[in-house]
Structures are given as C-alpha cells and as structure tokens.
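Open the model in your viewer and keep the selection tool ready. The tour goes from one stop to the next.

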Amino acid sequence: MDDSGAAYLAFSDLSGGGSGSMWVESLARQERQEQQEVEAFRRRLKYFFMNPCEKYHARGRKPWKLMLQIIKIAVITAQLVSFGLSNQMVVAFKEENLMAFKHLFLKDYASHDPGDYAVYTQAEVYTHLSHVVKQFLCLRNLTVGNHAYEKDGHFYAPLLVCQQFYHNGSISPANETFEIDAQVEKGTECLEIYPLQPVSVPDVNLSNFTLQFKRLLEVNVYFTLKAINLQTVQHHELPDCYDFSITITFDNRAHSGRIRVDLDNDVDINECRDWKVTGNIYYTVLFDTVIILTCLASLVLCTRSVATGVQLQFDYTTFFKNHFGKRVSWSDRMEFINGWYILIVVSDVLTITGSVLKIAIQLKVVTSYDVCSILLGTGTMLVWIGVLRYMGYFKKYNILIITLRAAFPNVMRFCCCAAMIYLGYCFCGWIVLGPYHEKFRSLNTVCECLFSLINGDDMFTTFKTMQQKSYLVWLFGRVYLYTFVSLFIYMVLSLFITLITDTYETIKVDTEPASELHAFVSECKDHPNSGCYRVDDGSSPCLVCCGRR
C-alpha cells in the first residue's frame, strides 16, 4: 500500500474514534440519568413508607396527623364517657319504672323470676284483673314518681281489658273429644275504664266482663302513663318526657292450668312541650362541636394520605413497567393502600355522625339513643384500635400486627371449615335436646351454650341439668356433649392456636424483604437526616447524596 492510502486509513480511524467516543459518552450520560431517576423514585417510595418521626427528620414536616390523633383520642374518649353516663341514666330510668309498674299493678309481686309469676284459678284471674284496674284508678295517690295519665284532647285515655279466644269450640277432655275453630277473635271483647275525676277509691267490679276460659288464649290490659326524667338536669341536659305503653298479659295459650302473668312496656321518648331550666345547659353541645371539627380535620388529612397512596401506586406500576418491563403484583399494589388511614376515616365518619345525632338528642330534636350509642361506641373503638398503627413503628411492638396480618388468610379458611361442624352440632342439639334441656330450647341459646363449652364455661352445669325422662335422649345427650367437647377443645381449638403460633414463629425467623416492593425500596441507603429527601419530587436528584455514594 502506498503512502496516500496509509494516510487515508489513519484519518478514517481518527474520525471514527471520535464519533464512537461521543456515542459512548451519550450512552453513559443516559444511563446515569436513568439511574438517577430510579434512585429518586426509590427515595420517594422510601419517604412514603417512613414513620412520622422519620418524615420530620427527612423534610422537617411536623407530624400533624399524629398530634391530631392524640388529641382526638382524648376528646372522643371524654365525649363517650359523658354520653355513657347520660345513657346510663336513661336506661336506669326505664328499668326502675318497669320495676315500679310491676310492684304497682301486679298483685303480691315480689321480684319473681321471668315466667314464675302465674295464677291457677279463675277467681285469681278476676282478682288480679280487679287489682290492676284499682291501682290504675288510684295511681295518683299511690305512686312516689311523677307519673300521670295520658290525655286524648281534654279527656284521659282509658285502660283497656281485652281477651283473645278461639272463634268457636267444644272441648271435652273426659270423652277425649274436641271441636275447635282455629280462627282467633282479637279485640272483639274489650272493656274500657276511664280514670275517675275527682280521684277516689273505686269499687271495681268485673262481673260483667266474662272470660271464656275453655277457649281463652290471652287477656291483655293496655294503658299508657307519662313521666319526666329530671335527673339529667344535674348533668346540664334537658329532661326527656316519657310515654310508657304498658301491657299486662295473662297467657293461657298452653291451657295447662297455669296462666303466666307478665308486664311489659314500650317506651317512647319525646321532647317536652313547655320547659324552663335555670342555668346553662349547652356546654356539652359546644364540646361536641369541637369534636366534630377535630374529626373533620382528621378526615381531610387521612383522606388526602389515602389519595396520595393511590396515586403513588399508579406511578409505581407505570415506573416498573417502563424501566424494568415487569407487572406489579396485587400484593405489592395493596401495600400503598394504608388500611390504618381507612380505619381512621371510617371512625371519623362514625364519630361525626354520632356527634351530630348526640347534639340533636341534647336539643331534643330526636331521641335515638341506641343509634347514637352504636355510632359513638364503634367510632371510639376504631380510634383506639388505630393507635396500634403508631405502636407498630417500634419493632418490638409490631409483632402483634404482623402476626394478625400474616395469619388472617389461614385463620379465615380454618374458621369456615370449623363453622360447618359447629352448625351441624347446633342444629342437632336444638332438635334432639331442646325438649329436655333449657340451654337447647332455641337455636340462639344452643349457639351460646356450645360456644361457652368450647371455652370451658358451665360444663358441669350443662351435663347436670339434662333431664332423664327419656333414657335414650339422655344417653344421646351424653355422647353428643362428650364428642363436641373432645372435638372442639382438644382438636379444633388446639389447631386454631397452632396456626397463630406457627405464623408467629415464622415471622420471628424471617428477616428477608417480604415482597419485591420492599426489596426495591431497601436498596435506598439514604438516612432521613441525610438531606436528600428535602428535594421536591420530580426535580433533579440530590448531587450531594450522589457524590457521597
């Protein structure tokens, strides 16, 4: 080759080398930029999963949600205690009035057990009915409470004595024959008795009210009394006006020679029409308003955090697909949905609704004490459970949460299988042992009895109270109870505990990242105090941190 060809080749090599160097440098710069994007996103994920103290060191942001939750727990607990005391007074007023009515209107009542108070002769039925009517007419001179008759316009509402009986029938036990019409006559024979004005001791005579004992099913006495609960004034609350719709039942449906007598009342709480109370009674309303505002602030902050987690989940899914060509599993995606925030949001909604209802109750707009109790009680329970979120930031206290979360799927599958066996025993015990054992009379009591047996409660009493009228049923009951106790205590309950124990042991040993997400985040070695997290999301990476690495 001549000199000109050699020179040309040398020039070509020189030109090609410069172009290649620029291409390599461009690739290296692009790779560094991509690596910086990965590090920035990894740092963003790590910041999202930090606890409030770490976030404060990372970006200097004060843990407002944590401080707000602490304040909210204190004020909500105080509110619940206040409402609990108020509700306790309402319940006590109802129960004490019910007991007072039983002593006033049931003849010779002495706090009998339910079902023990009964009459056995026709004369006793008439005597007890006369006693009820007489006590009703003399109520103002007898009661020590502030009871009064109900008014219908300008007249007092009457007391009604009604009987229910079969439409027609001919019964002859001696000849073992009967003819009965199953149609029941209701409300066709009722006696109205109006309070006397002025009040005097009446001479009650029910001889004109004839009871058809052969066909008699029930004798019902209906009347309504009014009262005012004044004890709430001491707790800066408006008193309530009560309507007690009282029903006294003489139950003869069994026709066994024993007529059970029972008194029950339906309580209706109303706003008093005209009232005047000296003193401020609106302190609790102001306190409830503060609680509503506190829960609203908590609701807004936690809802924003949930929305941020959902948005970050979509960003993480897109990022992994673009940079690594992988699809994110559902378990990793659910890591961004903070269940604790959802729990707090639910508790805030319940507490706000319950507080609004409580204010309405205190202002006597509504009287839904039971609904308000459920809302406030459930909301407070969830708030206290939510404290576990902050306890979980300490590794030694986080073991309960991790164990419950890991064992929950296996426990639910195990409970579904055990429930099939449990329901089988419930139905069998209800049908076979119900006529011979008090604890198996209804399906509800069977479930409660068997659940108590699993925990070892009332075991000897359950065996002992089995009636021995039928030896076959008695023997079946022994086999039934022994097999249930052996199966559920020694096998089912032991396996249930083993599931939890095995999960706990596995968690103690396992120290590896639980998922691909955690493995990806764990590669970020920047500490909260490093200053790298003070850079806004989406901006250039921290040159100081990168240079340090």
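How many cavities of 30 Å³ or more are there by this rule? The count comes to one. A cavity here is a set of points on a 1 Å grid over the protein atoms alone where a 1.4 Å probe fits but cannot get out. Points are joined across faces, edges and corners, and a volume is the space filled by probe spheres set on them.

This is a predicted model, in which local features need pLDDT of at least 70, side-chain atom pairs count only at pLDDT 80 or more, and totals for chains, interfaces and linings use all residues. Residues are numbered from 1 along each chain as its sequence is written, and side-chain values use heavy atoms, with hydrogens and water left out.

Select F83, S86, E237, K358, I361, Q362, K364 and Y369, which line the largest cavity (lining residues have an atom within 4 Å of a point). Its volume is about 50 Å³. Helix 8 (339-362) and helix 3 (64-105) each supply at least two lining residues; helix 8 gives the most, with three. Helices are DSSP runs of H or I, at least four residues, numbered from the N terminus.

Next, select residues 340-361: the span is 100% helix, and its end C-alpha atoms lie 31 Å apart.

Finally, go to T403 in helix 10 (residues 399-433). Is T403 buried or exposed? T403 is buried because its relative accessible area is 8%, and buried means under 20% with a 1.4 Å probe, protein chains only. Show I500, T503, Y504 and I507 as well: T403 touches them, not counting residues up to four places away in sequence (contact means heavy atoms within 4.5 Å).

Technical notes:
Buried < 20%, exposed > 50% of the residue type's maximum accessible area, 1.4 Å probe, protein only. 1 Å grid on protein atoms, 1.4 Å probe; cavity = no way out; pocket = protein on both sides within 12 Å on 5 of 7 lines; lining within 4 Å.
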